[in-house]
Each structure stands twice: as C-alpha cells, then as structure tokens.
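This report describes selected features of the structure shown below. Please keep the sequence and the model in view while reading.

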Amino acid sequence: MRREILSAAAHRLELIADKIGHRYGDTAVLSDISFRLGAGEIVAVIGPSGCGKSTLLRFLGGLERPTEGAVFVEGDAPSGSLNPITYVFQDFALLPWRTAAGNIALVLEDHKLSESERSAIVADVLARTKLTEFARAWPRQLSGGMKQRVAIARALSVRPQIMLMDEPLSALDSQTRAFLMDDLVDLWQRERFSACYVTHNLAEAVRLGHRIVVLSGRPGTIREVISVDVPLEERAAHVNELSAIEQRLWALLRDEARDADRELIGD
Amino acid sequence: MKRGMLIGSLSVTDLSAPGTAAPGTKEKTARRRPVPFRGGSFRHRPIVFAGPLLFIAIFVLWEVGSRSGFIDAKALPAPSEALAALGDLVETGMLWRHLGASLSRLVTGWTIGTACGIAVGLAIGLFALARASLSPLVSALFPIPKIALLPLFVIWFGIGEGSKVATIVFGTFFPTVIATYGGVDNVDRTLIRMGQSFGLSWRSIVRKIILPGALPAILSGARISASIGIVLLVAAEMIGAEYGLGAYVLMAGSLFALDQLIAGVAMLSVIGLCVAWLIGRAERHLLDYRT
C-alpha cells in the first residue's frame, strides 16, 4: 500500500494538522488533533456524532480557524490546479438555479479561461463522472446520487490535489452509496488525489481509507489510527479482513456512540 | 370501493391467526368493513372558472338589484351606468390622459423605490455596519403613513410630478428593503460556504449565489410594493393633479358622480390585476428552475 502511494507522490501537496484544538465558548469541541495527509492518500475520519469531525474538516480547508494549533500545507500544487484544496459537501451544495453544467461552470468562471477551455473542462468532467447526458438537467430533476456526482464533477473540474469530503454519501440510500463508493475508487485510481474523508459509516471508512483516524467523543481527540493494508481496488475481494477491521472500529466506538446519542446537540 | 378490495385480499382469519389465545374472538365481531377514509381536505386543486364566475355573478346580482329598485340608485349606481361613464371617458379620449398620467407616476415611482430598496436591502443583508445602523431606521420609518408626509413632499419636491412620484418612491422603498434583506438572510449558508471553498470572489458570490437566492423573496416583495404603489398613487393625486385616475376618482367623489367614481375605481383594479399578472410572468420566467 505504501508503494502505491509513494509512486504517485513526487513532491505534491500535503496537509498537516498540527495540535488542533477548538472550543465554542466553554465547550471544548476538539483537542490536540495532529496528523498528516500524505500525497495520494485517503484518510478516513470517524467518530461518534458531535465529536467535531465536520468542524475539523472546515479547519483543514481554511473555512474556519481553530482556537488552538494550525493547519499547514507542504509542497507545491501543479500550476494546472485551479483550487488545490476542494470540498465535497454532504448536502451537495448545488445552486438550484443552475443546470448541472452551469453548476460546474460556476467554479471556473472566476479563473482566466477562455469560453472554449471552460466548456471543454465541463464536458470532460461530466464525461468522467458519466453525466454527459444530464448536462442540461436542473438539480431538482436529479436523484441524490446524481446530485452528488455533479458535485464530484464540479470538484474535479478545478483539478484539486486534496479533496475534503464531508460525509459525501450520507444523504444517499444504501444502494446508491454502494455504486458511488465503487465510482470513487475508480476515480481515485485514475486521479490519485489525496482526501480527508469524514464519515460516520464504518463500512465507507474501511472501503475507502488508507488510514482511519478514530476520534473520541467530545472533546474529539485521536483515539487510534488504523492502517488498512489492502489496496483500494482489491478491497472488494477481501471482505473478511475488512469486516474484521470494521468490528474493531465498532468496538472502539460503541460506548462513545451511545453516550453521544444521549447528549444535547449544540454543535 | 378500491380500498375495500385491497383489504379484501387479506382475510380476517389470517390476521387473527398469530394471536391464538385471543379470548372472545367470535365470528360475528370479525365483521369486515372498509377502513374509514380520513385523508382528503387541506389540499388545493386548480379550479379555473371559479374566479371569473364569482365576478360575473356579483355583477349580475348587482345589476338585477339596481334595476328592480332593491339597490337605491343614489347609494350605488348600476354596473351598466358605470360602464357608460367609462364609455364616455373612452369617447372623449380622457381615459388615456388619466391612465397615462397615473401609469407614468406609478412606473417611475415604483422603479426608483424598488431599485433603491433592493440596494439598501442588499447592503443590510451583507454588511454588519449597514444592518446595525439602517435596519432600526427602516423599522422606524416603515410604519409612517406616507400620505401624512405628502405636504412635506410638496414643499421639498414641488407641487408637480415630484411630490407624487416621491410619495410612491417612499411607499415602495421600505417593503422592498425588508423583503430583500429577509431574502438575503434566508440564502442557504452551505451554498455561500461552497462558493468560498472554491475561491469565488466576493462579487461572484453576491452576484451568482446571494442575489439569485434572494430573488424569490424580492419578487414577492415587488408584488406587495406594487399594490402599495397603487394605493399611494390615488393619495398623491389628491393634491394639485389635473390628470390621473386618482384625481378623476376624487373629483367624481366630490361631485357625487358615483357612476364615474365606480368607473375610476374599476380602472385602478384593472391596473392592479395587470401588475399582478406581469409579476407572475416575471416569476415564472426568472424562477423557471423551480417547477
């Protein structure tokens, strides 16, 4: 697995979380989170609800600032990368007044691209996510899975080095989720992006993560980091190994998940 | 009938089978009947002819009442008389004079008021300082009846068109401000965060995310402000107006020419209907992504 990552690495962009801690008023949400997101690596972050997973992701991409610690980038993004650190959101965040193609064009319009370059990129990412025939569809006409495909196409269009994915499959039904997981594996094999993949779904974490960061309940701290040493494309064939890891993760999380369930929400 | 048949495919004995020890289960208590229907109501379905039909019914009753003497002609003239008054207006060509004067005031005033209202509403929605300073001011000025300020406007803007347009400008400005910043506040935050995460410029976020997101609220504000504009038009034409539907109605009223009064009021209604229809068209065009 290591080799698989290193071959793609060269000196591409890496993301470093350095002793991140955060509090809202008196409530500590996160405490002492440090890890490194290597080039071409997918790090899954799991934890009980309310442990600050999504908050952590907002820090990683610079949408919010932590009260303690900092996030650093290392290395250089290639010049073709328009938005090196790019998010994929749980609720898709598509503009309802723009078509699928229009939503992708939106994030290209602020860059110096000619009309033809822009439409070429839009057509390319639509093709890569198998959406070409839906280019002119409104978001309301698309199923949840299709909407998230559009959002992924939009993310790809800016040639990201690092994808920050906030429960990207949680709003979808389980069949669609399985399809999209396979698609994500395919995509990763072609693009070799690195990703921080926040989820509460253990199966997704085990299927997509090279490493899995397990957070504790509030305040979220790193309880354990588990490496999954099966290449992504072979994981479908290693069901037993994966489910053993899933069992281990569940054993780690069970008590905290129960406590988190009984807490008042204030995130 | 259909519901009864659906249940009919499950036999009652099947349902009661698992509870073998259920005491007192007799053949007679197991009478089969349809589940009472409790849905329905609270749903809208389009009934196209109801609106026009009610209008026609009212006019017919009114006309019949007037002709039979049930309605005193001094208290309320028959619709046919009002129609005749309207016919006179058309014949003498005065209708277009009055209508032209009123429409130009309404359109100018409403356009300026709405444009300024959207600008100020956006500022309140976007900038903390504008919100902190302007929104109390808007709340303080909105409830003032603009008609009460008409004498002031006459002094400030002259007795001619200025004061009339100013009344409509002020009347339409405040509801638009409130509708606009309410719309901006309601724009989905995740969309704005998405824009930021892709590095869109501030201008792009405002123009491509916030403005279209607030548009439904701005348009429903426009509906309200247009009606307020028509109300204020009549008030503004009370002072120093030679032409205009408001002036016509007021003159008819002071002469107790009730047929002309009804004719003028009907024209104001028609303007209101046309404006509502135009805004409906605009909504359908601008918000076509919704349906």
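R36(A) belongs to strand β2 of chain A, which covers residues 27–37. The description rests on a predicted model. Is R36(A) buried, exposed or partly exposed? R36(A) is classed as partly exposed because it has 14 C-beta neighbours inside 10 Å, a count that falls between the limits of 12 or fewer for exposed and 20 or more for buried.

Apart from neighbours within four places in sequence, the contacts of R36(A) are E14(A) and I16(A). F72(A) lies 36 residues away from R36(A) along the chain, and the C-alpha atoms of the two are separated by 9.5 Å.

## The six-stranded sheet

Six strands of chain A form an open sheet with mixed pairing, in the order β5-β6-β7-β3-β8-β9. Strands β5 (85–88) and β9 (222–227) of chain A stand at the edges; each has a single partner strand, so one side of each is left without a neighbour in the sheet. From one strand to the next, the twist averages 15°.

Strand β8 (residues 211–215) of chain A runs antiparallel to β9(A), and five bridges join the two. Within β9(A), E224(A) is the residue that stands opposite V214(A).

## A helix across the sheet

Helix α2 of chain A, residues 53–60, lies across β3 (42–46), β6 (162–166), β7 (194–198) and β8 of chain A. The helix runs at about 155° to β7(A).

## Contact between the chains

How many residues of chain A are in contact with chain B? There are 17, and they meet 15 residues of chain B. On the chain A side, eleven of the residues are nonpolar, three are polar and three are charged.

Conventions. Residues numbered from 1 in each chain as written. Chains lettered and ligands numbered in written order. Predicted model: local features only at pLDDT ≥ 70, side-chain atom pairs only at ≥ 80, totals over all residues. Contact = placed C-beta atoms within 7 Å. Nonpolar A, V, L, I, M, F, W, Y, C, P; charged D, E, K, R; others polar. Helix = DSSP H or I, 4+ residues; strand = E, 2+ residues; numbered from the N terminus. Pairing = 2+ DSSP bridges. Axes fitted to C-alpha atoms, helices over the stretch in contact; angles between N-to-C directions.
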